[in-house]
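Dear colleague,

Please find the structure below, together with its sequence. I would be grateful if you would read the notes that follow with both in view.

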Amino acid sequence: MSVLALRNLVVSYGAIRALHGISLEVPAGRIVTLIGANGAGKTTALRTISGILKPASGSISFQGENIAGLAAHKIVARGIAHAPEGRMVFSNLTVLENLRMGAYLRRDRAGIADDIARVRSIFPRLAEREKQPAGTLSGGEQQMLAIGRALMSRPRCLLLDEPSLGIAPILIRTIFDKIVEINRELGLSILLVEQNANLALAISHFGYVIESGRILLADTPDALRENPSVRAAYLGG
Ligand SMILES: Nc1ncnc2c1ncn2[C@@H]1O[C@H](COP(=O)(O)OP(=O)(O)OP(=O)(O)O)[C@@H](O)[C@H]1O
Ligand SMILES: [Mg+2]
C-alpha cells in the first residue's frame, strides 16, 4: 500500500501553472525519486505536499487520508517532514538549537531527547559540532542538519529536495549512504527530488521523470537507466 499518493495535482503561481496534473505514489518503506531538470516542478511538488503551497486541484493522500490544503504544521503533525532545497538551516542558531526547532510541535521531552540521540548516532559530525552556529558548517554538514532537523518531528515520510545540490562530492556519498540507512533502519518512506539522476536512481526503489510540470516516465531505476531518452537528458548520454 502507498503511504503517499498524489493524484492529478495541479499547482499554479498566479497565472503560471507549474504542475499540470501530476500523479505519483510512494509505497510504504520505499525510496522513490522524482528526477527532472531546472524548473521542471520538483520543488513545487514537495512544497505542495508539505502544505506550503495550496493545490488548485487534485488530491494528496497520506496514510489513506486527503491532506491537500491542510496547514503546514498539521501536515508535519501527521508525519511528513521536509528537508527543503537550499537546506534553510537557521544560521545564527547552534546545531542543537536547529535540531530542537524540528521538534517544535512536540511536548514529549523524553521522546525528543531520544530522537536527538538518534540523530547524533546517524550523523556523528553533527554531534561534534552541536554548539557551533549552523552558519559555520560546510554545505554538506548543513544538509545533514536539514535532514536531522526533519527527523526531529519523528516522521513516517521524508521529503528530500536536492540533497546533493552544491555539496562537495565526498560528502554527497556520505549523505546518500545516510539516506539509505534512514530508510532501512527507521523504515521511513522517502520521496527524493534530484537533478543528479545517477545518484538518485542508485538508491531508489522506483523513479519518476518530470518535465515542464508533467510526469513523463514512471519505472524501475534499472529501466529508467536503460531508457535512451533518460540517458540522453539526465545521465550524460
Ligand atoms: N514563487 C514562484 N513564482 C512564480 N513562478 C515560480 C515560483 N517558484 C517556481 N516558479 C516556476 O514554477 C516552475 C517550477 O519551479 P520549481 O522550483 O518547482 O522547479 P524545480 O524542478 O524545483 O527546479 P530546480 O531544479 O531549479 O530546483 C518553474 O517554471 C518556475 O519558474
Ligand atoms: Mg527545486
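Where is the place of Met88? In this predicted model, Met88 sits in the loop that runs between strand 6 (80-83) and helix 3 (95-101). As for its surroundings, Met88 counts as partly exposed because it has 13 C-beta neighbours inside 10 Å, and a residue would need 20 or more to be buried.

A positive phi value is also found at Asn8, where the angle is near 50°, and this residue is likewise not a glycine. Asn8 belongs to strand 1, which covers residues 2-13. There are 13 other C-beta atoms within 10 Å of Asn8, so this residue is partly exposed.

The remaining findings concern ligand 1.

How many residues surround ligand 1? The shell consists of 13 residues, and the closest are Tyr13, Ala18, Lys42, Thr43 and Thr44. Both strand 2 (16-27) and helix 1 (42-49) contribute at least two residues each to this shell. Helix 1 provides the largest share, namely three residues.

Which classes of residue make up the shell around ligand 1? Seven of its residues are polar, four are nonpolar and two are charged.

With kind regards

Terms used. Residues are numbered from 1 along each chain as its sequence is written. Chains are lettered from A and ligands numbered from 1 in the order in which they are written. This is a predicted model: local features need pLDDT of at least 70, side-chain atom pairs count only at pLDDT 80 or more; totals for chains, interfaces and linings use all residues. Helices (H or I, at least four residues) and strands (E, at least two) are DSSP runs, numbered from the N terminus. A residue is buried if 20 or more other C-beta atoms lie within 10 Å of its own, exposed if 12 or fewer, and partly exposed in between; C-beta atoms are placed from the backbone. A residue is near a molecule or strand if its C-beta atom, placed from the backbone, lies within 6 Å of it. Ala, Val, Leu, Ile, Met, Phe, Trp, Tyr, Cys and Pro count as nonpolar, Asp, Glu, Lys and Arg as charged, and the others, Gly among them, as polar.
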